[in-house]
Amino acid sequence: MDTWLIIVIVVVAVIVLAVVALAARRSQAARMEKRRGEAQELRSEAGEQTRRAQEREALAEEQAERARKEREAAEARIERADEIDPDKDD
């Protein structure tokens, strides 16, 4: 086999390996970018979900406070009714 033919085969093999390596890197970079996009979307959705949960918690706390005040008012009325009820035993 001639020397120049061996050199051509080696050069072509090196070029093919370089192209394969470059394609693999680009493929990996594309996968990484896709995963970054998915992660960003998940973070965005989680942030929105957190915001909604906080709003619900605030509403629940507000309703619990109103219920507590209503219960206290009812208990005060019961006490007042007990105070003025002539049939109530002390």
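This is a predicted model: local features need pLDDT of at least 70, side-chain atom pairs count only at pLDDT 80 or more; totals for chains, interfaces and linings use all residues.
Residues are numbered from 1 along each chain as its sequence is written, and side-chain values use heavy atoms, with hydrogens and water left out.

As for the fold, the protein chain has 1 helix and 0 strands (DSSP runs, H or I of at least four residues for helices, E of at least two for strands). Its radius of gyration, taken over C-alpha atoms, is 38 Å, well over the 12 Å that the globule rule (2.2 Å times the number of residues to the power 0.38) gives for 90 residues, so the chain is more spread out than a compact globule. Along the principal axes, the C-alpha atoms fill a box of roughly 125 × 20 × 10 Å. Of the 90 residues, 0% count as buried (under 20% relative accessible area; exposed is over 50%, partly exposed in between).

Helix 1 covers residues 3-84 and takes in Trp4, which is exposed at 56% relative accessibility. Trp4 also belongs to a nonpolar surface patch of about 1000 Å², along with residues including Met1, Leu5, Ile9 and Val20. Patches are made of residues with over 30% relative accessible area and no salt bridge, nonpolar side chains being joined within 5 Å and like charges within 9 Å. A patch of negative charge is made by Glu79, Asp82, Asp85, Asp87 and Asp89; of these, Glu79 is found in helix 1 and is exposed at 52%.

Salt bridges (a side-chain nitrogen of Lys or Arg within 4 Å of a carboxyl oxygen of Asp or Glu) come to 9. One of them pairs Arg51 with Glu48 at 2.2 Å, N to O; these two are 3 residues apart in helix 1, about one helical turn. Both are partly exposed, Arg51 at 35% and Glu48 at 32%. Arg66 bridges to Glu62 at 3.0 Å, and Glu75 to Arg71 at 3.8 Å. Glu75 and Arg71 sit 4 residues apart in helix 1, again about one helical turn. Through shared partners, salt bridges also join Glu48, Arg51, Arg52 and Glu55 into one network.

Definitions and conventions: Buried means under 20% relative accessible area, exposed over 50%, partly exposed in between (1.4 Å probe, protein chains only). Accessible areas come from the Shrake-Rupley method with a 1.4 Å probe; for residues, only the protein chains shown count as cover. Lys and Arg count as positive and Asp and Glu as negative; His and the chain ends are not counted. The place of a charge is taken as NZ of Lys, CZ of Arg, CG of Asp or CD of Glu.
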